[in-house]
Structures are given as C-alpha cells and as structure tokens.
Amino acid sequence: MLKHAISTTQFLDKGLLDRLCKRAAELAAMPLAEYPKPLEHLTIASIFFEPSTRTRLSFETAIQNLGAHLITVENAGESSSGKKGESLEDTIRVINCYADGIIMRHPEIGSAARAAAVSQVPIINAGDGAGDHPTQGLLDTYTIYKAKKSPNGLKIAFVGDLLFGRTVHSLAQLLSLYKVEFVFISPGSLRMPKEYLADLTRKGIKYTELDSWDKVIGDVDVLYMTRVQKERFKLVEDYMAVKDSFILNLPIVKKMKKDAIIMHPLPRVNEIEPAVDADPRAMYFQEVRNGLYMRMALLEHMFDN
Ligand code: NCD
C-alpha cells in the first residue's frame, strides 16, 4: 500500500503496474452507477500551481466517481496564500486540516516530496516542474497495454522536449521494467537528462539518441510525441529556435508501421497536425480517457483499506 505517490520510482513494480492496469480496464467497462465508493466520507483536495486541463479534471472526476468530496484550488500560484508569501509547507499543513488526501501540481522539481515531508495525509504528485509526473506515466503504460498487450518487445521513440518533458521521464522509467528498446529523438539542447540515461544503462536497456526521425520512423512501434515546454525556457529565443523541430503530419505517418501507435500526453501546440487525428494509430485522445480510469484505480489502491 502506498502512502504518498510522489515519484515514479514508487511504481517500479511489474505486479503493481499489472494490477493497476487490470483494475483500470475493469473500471472502464463498468457503468457509472456500479462504481464502488471506497472514498465515501473522505475529502480530497486538488491544488494546482500550474495550468492543467486533463490531469486536474480527470483526478477531480475520479475523486467524485469514487464517492469522495472534492475541494479544489486551481491557479493556486495566484489564488492561494502562496501569493501572499506562504510557504508550500504551510499551505500543505493547512490543507491537512480539511482533507484526507491532496493532489498537487507545482512548478518546482522536488515540490511533491517537500509536501509529503510535512503532510499527514497522502500527497499525489500531479507533476513537479520538469521532474516527474508519475500518474501520466501510469496512464501511458496502460494505453500501451491496451493497444499492444504488453510493452515487451516494443521499439519506443520519444520525440521532442525530452529535457523538460516530465511525462517522458516517468514513462521511460516505467517501461524500463520490460524488454523494450528506446529511441530518443530531440534537438541537441533538449536531450534526455543524463541521470535517466545512466539508469537505463544500468538496467541494460538499449537506447539511441538521434536528432532526426528519418531513419527510424518506419520501425517504431510507439511514437511518443511531446510539446516543447515553453514555460521552462529562460530565454524566448532558445524556445523559438527549437519549437518546430518535429511536426508530425500525414506524409510522415504514412511511413510508420501499420500497427504502430501515436501517443502524446497533450496539450499539443503544433507538433501533431490535426489531420493525423483521424488515423487509427492516433491514440492521444484515448490516452485522456484512459487517464480517468487509471487515476480511479490509483485512488482506490491508495485509499481503500
Ligand atoms: C503534460 C504535463 O503537464 O507535463 N500534460 C499532462 O499532464 N497531460 C505535458 C505537457 O504539458 O506538455
């Protein structure tokens, strides 16, 4: 049983991943009226210091589907007492007086761990800066399970902003539990951080780093596209120089395997042309739906005792 869910490293357990994916699939097949209510009588807070559509709304839907009360602060950087100078630790101590669990997104790497250090109630990390996004990793793993049965044997390409893209950091760690091969495709300035690569080497996972997808697009099983994370750049010029490095369009999709899948955590800016959406390989809107069930499965796992 997990107390907090702050780091993807807590989910590096195939048995746990398997159980969560199976449970997400069961919940997906269940009519709303039959959902269990293991969170009845609990109050869960969601506090987002950074923009979010999917993560916040899917958590908030999941919380209510499972019977809990929801209290929520969106745009917390502006509308919570952090704006008056309150420390993150104090904000968490205060929310502890109202809630039995806290879903939190914050722009600083390590903020979820800081929150957990002072919280009596579970903290779930909904993204900490350019660090980690464990629940997106879980729902992306579930998406691969659903579409390809298992990650074993797959060649998986991550494309775009691999430096700041926390969803890539999470998913690569989870998939490294399996027999996979990775291709990291990015501009030179947005490569996968060294510590994640070192971890893959330690685990014996084969990977290559490329700055073009031309030679590999025809052999990948999973193409995981990402948005260049504009908000993490210090200089606008640096963002402008890389923002259009990889744009997926129909002529490129045509070169892909017939049974490949195209993923993206969303939001997209212009890295996937809307014309691609109708291709049966495009999974990104299904990923959104999968996120609801995976987050329900996780909340059940953490709060049902
Ligand atoms: C991602 C995030 O916030 O890291 N979005 C999400 O949670 N689905 C990806 C992004 O913002 O580019």
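Begin by selecting the ligand together with its shell: by class, that shell comprises three nonpolar, five polar and three charged residues. Please note that the structure on display is a predicted model.

**The shell around the ligand**

Next, select the residues that surround the ligand: Thr55, Arg105, His133, Gln136, Arg166, Thr167, Arg227, Gln229, Pro265, Leu266 and Pro267.

**Contacts with the ligand**

Show the side chain of His133, where a polar atom lies 2.8 Å from an oxygen atom of the ligand. Then turn to Gln136: a polar atom of its side chain is 3.2 Å from a nitrogen atom of the ligand.

**The pocket**

Now hide the ligand and view the space that it takes, which is the largest pocket. This pocket holds about 420 Å³ of space. Its lining consists of 21 residues, and those nearest the centre of the pocket are Arg105, Arg166, Arg227, Leu266 and Pro267. Colour helix H2 (54–65) and helix H7 (166–175), the elements that each give two or more residues to this lining.

To conclude, colour the lining of the largest pocket by class. What is its division into nonpolar, polar and charged residues? Four of the lining residues are nonpolar, ten are polar and seven are charged.

Notes
Residues numbered from 1 in each chain as written. Predicted model: local features only at pLDDT ≥ 70, side-chain atom pairs only at ≥ 80, totals over all residues. Heavy atoms only, no water. Near = heavy atom within 4 Å. Polar contact = N/O pair within 3.5 Å; in protein donor to acceptor, adjacent residues only side chain to side chain. 1 Å grid on protein atoms, 1.4 Å probe; cavity = no way out; pocket = protein on both sides within 12 Å on 5 of 7 lines; lining within 4 Å. Sits in = over half its atoms within 2 Å of the grid points. Nonpolar A, V, L, I, M, F, W, Y, C, P; charged D, E, K, R; others polar. Points joined across faces, edges and corners; volume = space filled by probe spheres on them. Helix = DSSP H or I, 4+ residues; strand = E, 2+ residues; numbered from the N terminus.
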